[in-house]
Amino acid sequence: MSLVTTRPGAGSARPYAFPAIRRVTAHGGTVIAAHMPGQILASALLLLDAGAARETDGREGTATVLAKSLEEGTRRRDSAAYALALESLGAELSPGVDWDTFRVGVSAPGPLLADAVRLAAEAARTPKLDPEDVARVRDDEVTALRMDWAQPGPRADAALRADLFGADGRYGRPLHGDPTSVAAVTVDDVLAFHEAWLRRPGVLLVAGDLDALDLAALAEAAFEGTSGDPLEQTGPLGVVLPARRRTILVDRPDSVQSTLRLGHRAPERATPDYVPMTLAATVLGGAFTSRLNHLIREVKGYTYGIRGSYAMTRRWGRFEVAAGVQTAVTAPAIRDTLGEIARTQAEGITEDELEVARSWRAGQLSVEMQTPGAIAGALSTLVVHGLPDDYYATLRREYLEATVEQVSKAAAEHLSVDALTLVVEGDGAAIRAELAEFGEVVDSTI
Amino acid sequence: MTSPSAPVATTGYPWPIETTQLANGLRVVVSEDRTAPVVCVNLWYDVGSRHEPPGQTGFAHLFEHLMFEGSQHVKKTEHMKLVQGNGGSLNATTNPDRTNYFETMPSEHLELALWLEADRMGGLVPALTQETLDNQREVVKNERRQRYENVPYGDAWLRLLPLLYPEGHPYHHSTIGSMEDLNGAALDTFKAFHQQYYAPNNAVLTVVGDAAAAEVFALAEKYFGAIATVPDIPAAPDGTLPGPAEQAVRETVTAKVPAPRIYLSHRTYPFGTAGYDAVTVLATVLGNGRGSRLYQRLADGARIAQPDYIGAYGVDLAHAPAPLIITATAKDGVDLETLEAGLAEVVQSLIDEPVGEDELNRAKALLTTSWWRGVSTVYGRADLLGRYTTQFGDPATAADRLPKWLAVTAEDVTEAARHVLRPESRVTLTYVPGEPS
């Protein structure tokens, strides 16, 4: 007997289906719920139109300080009682901020979800926000940011963001602010942000076994006592590319790796090229067998991993390659990376590569969407970007039908190797001279 | 609002489990669930860094990397391409106890996944080349730099292990290994490693999701049946220890870190024992969540610890008393002595101050959610069943863990605290900001 020598073919595929979606509108807000029969846990996510973009200049981080202040007690109970009540349901609050939204999430066993949502709403709608507590949370957040910024990455991210979006106000600063801007946040900033944006109804996303959940009760828990109309949306920022490449050095003395963040601007999420752009980035730097990971990790051994991707929000997008490479090979790694980006931009991709990318992206819609938490996240994409209920079935079909011509065209139009900003966070004494190969090196002030 | 009470669960695994064993010793576990059109294929090999002899630290993990670089009928780069190119997610991990490999696929590709796993179980050695070894050695060295050397406090785990476990103990060294040993890794050693440990009788194949047991059993025979049994696989060095350490140990590290930090650690009981179940509840009472004693007393109460960086957790190792790790980072202006005294006082409170009903219910509710979250994916379930089959000989015993946690009493927690948390058995690792000497 011996091993089977020939690779088996595929069996018959079951048709793809996203969970059925139900809606309940009450108390001025809407519950959007995905039915997942048999799930023991259920997830809920209160989605408010109160992202970081609504913060005031110079006070970046206000929304994050507010998010972290929500559990410092409510009008009904102090922080210790609140923690005990929520955690005794097996739930923990996960408040968070992104560019487009303010989110408050909870997960719990299905029968306990309504109580968990009541407590989440109590914190989001009627937090105590005692001035002393808010000031302390703000100070703690400054310290937490300093801790975070001592890791490789956040400073490079901030330098890239400042260079790409510096002319666009809030978008040129880090999502959660920086230690200086958070230190400038006042108690009044936090109270005003809450008053202006968190008392509006928003949307409650729910995923779980809906046969055991009372959506009307969830709507009441989430929306009772709220007021305000949906907010008007502003248009995209547009894609502005610089005339030539720039290199920025973020010094990190004695660093044994250089952290690379190479990027340029790209269209926002609503772009009609979303699918071919995603597939182009998958071929270039998304899949394990991508051009970048193959060359930089598997052939050269310069890194533990390298990724290229587009990030897209309502108003902007950006292309980025991110990696940590051994200090001694910083310049060769950048050179090879630029080579692969240039090749993809100029020559496009092959059918063999696209076959992997389209099947992987399509398959991930099943493989990575098994849990209530993942489905609640998928629902949030529909809401934030105004997409229809059958979107994921459409997306899956579009991935599978994309052609080499479409994806190569997207690569040509949405990659721009000569317009990249190259941010390198590493040991300046060791790498500064060799970075000159890529043009004038500017020292980051971050 | 209903008043919360201790959650009730009679089983932590309400899905079917079917098992068989091939003639070559491979144990096969199947748990059918047709909810989603996906299936997870998971292999546990009963080999980890605890098997590594001196001078070969990091080899089990470096070997794990080699398993993705092609085998007898799978060309270099093809493994990843075939899994992702058919819609799947995949990974592998190595820890002191074992090495696991897993892929979640759209279920029509079940057979492909089984073929890939069988080919690298039975046919890796002919495909192993010096070039592959040299390349993956560099990748692993970069993994070490990225995860342990280039991040503040990143080497804490590497420092704790030799303080917790004596020289020669299978947990004394870390899984990532030393740069020196990695540099000395020779190709023949890896060929021998595969022939010794990557045997059907040293592995468990678990398939969870959109597949029937009978179908999986037949496919397992078809693809794995030809792989030969390896007789007399040597056991890892014995990890038995008489009990908690008898002398406190302390290490202070001056490094480029943004704030002073303390790790307290104790050896407890092996994962899977009643003692470790009590430690799991104890760690949750002590350091999991805003309602935990550490958070309430040091972050919220005395306000000497940073709220984002305080906690306690057990590391679920099964072949020797597993570590409990307790950590806190000083707030601005708070000195290490104050923080350490505060930490010690809260830890001591688990011995002196009985755990209240509310505290116990809170901990059990959090553990319940965490358990169900763990088994909410086919991957989570497959890995769980692979673990219980490998470590305890029966996948069905996985169902008992949650009920056993929920049966832990306040007295059990106090007794565990008395046994494992004594200051004279404590490892204290302290980071002080400054230039490394």
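Two residues are taken to be in contact if their C-beta atoms, placed from the backbone, lie within 7 Å. On that basis, 33 residues of domain 1 of chain B touch 28 residues of domain 2 of chain B. The model is a predicted one, in which local features need pLDDT of at least 70, side-chain atom pairs count only at pLDDT 80 or more, and totals for chains, interfaces and linings use all residues. Residues are numbered from 1 along each chain as its sequence is written, while chains are lettered from A and ligands numbered from 1 in the order in which they are written.

Within chain B, domain 1 covers 18-224 and domain 2 covers 249-433, with bounds that come from an automatic or database domain assignment. Their C-alpha centres sit 28 Å apart.

Now for the two chains together: 65 residues from chain A and 72 residues from chain B make up the contact. On the chain A side, α12(A) gives the most, with nine residues; helices here are DSSP runs (H or I, at least four residues), as are strands (E, at least two), numbered from the N terminus.

Helix α12 (residues 351-367) of chain A also packs on helix α9 (residues 274-286) of chain A, at an angle of about 115 degrees and with the axes 9 Å apart. The axes are lines fitted to C-alpha atoms, for helices over the stretch in contact, and angles run from 0 to 180 degrees between N-to-C directions. Among the residues that meet there are Leu279(A) and Val283(A) from α9(A), and Leu354(A) and Trp360(A) from α12(A).
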